[in-house]
Amino acid sequence: MPTNSERVSAGSLACLGGAALCVTVAELLFKRGATATAHLPAAQTLFGISVLASGWTWLGIISYVASFVGWLQALRRMPLYLAFGLMSVVQVLVPLTSWWLLGESLSLRRCGGILIVLAGLVVIARPAMQSEEKL
Amino acid sequence: MTTALLITAVASQLCLVTGQLLMKHAMNQTNLTPVPWARFAPRFALGVAALSAWFFLWGGLLQRADLSYLFPFEGLSPVLIVFGAALFLKERLTPQSWFGIVLIGAGVAVVSAS
């Protein structure tokens, strides 16, 4: 019988939240680094190697490594479906910060999609939070 | 979105899902006492390799398209990861959790279509 009784500690949630913020910052830095290197010859861009020519990319890598450490700590104590599902908050954070900081477009429809993602996050998060309160 | 970009996006997704499954499997070993490092190391290394492949494929895509249009491709991954976790890691989900994951996937699809 499927059960959602996994206990999720505040510590592992904090690790996951920190990882989500770091990966959002990393994505923005990667985009900045990729934009800065987009003019380089096509042969170098086959596997995106040329993004390493930008300092922004390296800052992004540092932020990504930080998020990875938080992610691994969360992963030790959480089922993968829950940890990865909750990391979808990044799907909300990236379009919002891309709009805010990079000036990318944010339509009404996209806002609607963001709200649906948030609803999904609440649905998967609630049983895990409740099981912690009971324990 | 050209065919080449689409194939690259799908390949990067497969690398991401495979990498995360390996990583979860590796981190599960660290909860055992004593930690079976001989079982942990190859899973962790392969996981890092798969995630590195994802990183460079993703970096290449970012050079060619807007982040907010590309990023929803990662929205495929919660659904793929949950299938993988249920299939290979024997994680069990309630119907409610499946519904939540489907909502997340649907929300991401709307974001990508906009």
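Biologist: What do the buried residues of H2(A) pack against?
Modeller: The buried residues of H2(A) pack against H1 and helix H3 (80–86) of chain A, together with H1 and H2 of chain B. Buried here means under 20% relative accessible area, exposed means over 50%, and partly exposed lies in between (1.4 Å probe, protein chains only). Contact means heavy atoms within 4.5 Å. Helices (H or I, at least four residues) and strands (E, at least two) are DSSP runs, numbered from the N terminus.

Biologist: Before we go on, what sort of model is this, and how is it numbered?
Modeller: This is a predicted model, in which local features need pLDDT of at least 70 and side-chain atom pairs count only at pLDDT 80 or more, while totals for chains, interfaces and linings use all residues. Residues are numbered from 1 along each chain as its sequence is written, chains are lettered from A and ligands numbered from 1 in the order in which they are written, and side-chain values use heavy atoms, with hydrogens and water left out.

Biologist: Back to H2(A): which of its residues are buried?
Modeller: They are Thr57(A), Gly60(A), Ser63(A), Tyr64(A), Ser67(A), Gly70(A), Trp71(A), Leu72(A), Ala74(A) and Leu75(A). An α-helix has 3.6 residues a turn, so residues three or four places apart point the same way.

Biologist: How far does H2 of chain A reach?
Modeller: Helix H2 (residues 55–77) of chain A has 23 residues and reaches 34 Å from first C-alpha to last, close to the expected 33 Å. The expected span is 1.5 Å times one less than the number of residues.

Biologist: And what caps its N-terminal end?
Modeller: Ser54(A) does, with a side-chain oxygen 3.1 Å from the backbone nitrogen of Trp56(A). Such a polar contact is a pair of N or O atoms within 3.5 Å; within protein, one must be able to donate a hydrogen and the other to accept it, and residues adjacent in sequence count only if both atoms are side-chain atoms.

Biologist: Which residues touch the most other members of the largest nonpolar core?
Modeller: Leu16(A), Trp71(A), Leu75(A) and Leu80(A) do, in a core of 59 residues. Helix H1 (residues 3–29) of chain B supplies the largest share of this core, nine residues. A nonpolar core is a set of buried Ala, Val, Leu, Ile, Met, Phe, Trp, Tyr and Cys residues joined through side-chain atoms within 4.5 Å.

Biologist: What does Leu75(A) touch?
Modeller: Beyond four places in sequence, Leu75(A) touches Leu80(A) and Ala83(A), as well as Met23(B), Lys24(B) and Met27(B).

Biologist: Changing topic, is Gln29(B) buried or exposed?
Modeller: Gln29(B), which sits in helix H1 of chain B, is buried because its relative accessible area is 5%. A polar atom of its side chain lies 3.2 Å from the backbone oxygen of His25(B). Outside four places in sequence, Gln29(B) is in contact with Val35(B), Pro36(B), Arg39(B), Phe40(B) and Arg43(B).

Biologist: Which peptide bond is cis, with omega near -10°?
Modeller: The bond from Thr33(B) to Pro34(B) is, and Pro34(B) lies in the loop between H1 and helix H2 (37–62) of chain B.

Biologist: What is phi of Lys90(B) near?
Modeller: Phi of Lys90(B) is near 55°, a positive value in a residue other than glycine. Most residues other than glycine have a negative phi, and most peptide bonds are trans. Lys90(B) is in the loop between helix H4 (76–88) and helix H5 (95–113) of chain B, and counts as exposed because its relative accessibility is 62%.

Biologist: How many helices and strands does chain B have?
Modeller: Chain B has five helices and zero strands. Of its 114 residues, 54% count as buried. For chain A, the secondary structure is also five helices and zero strands, and buried residues make up 47% of its 135 residues.

Biologist: Which element of chain B has the lowest mean pLDDT?
Modeller: Helix H3 (residues 67–70) of chain B has the lowest mean, 63, while H2(B) has the highest, 91. Over the chain, pLDDT averages 86, and 89% of the residues score at least 70. pLDDT is the predictor's confidence in each residue, from 0 to 100. Where pLDDT is low, the predicted coordinates should not be read in detail.
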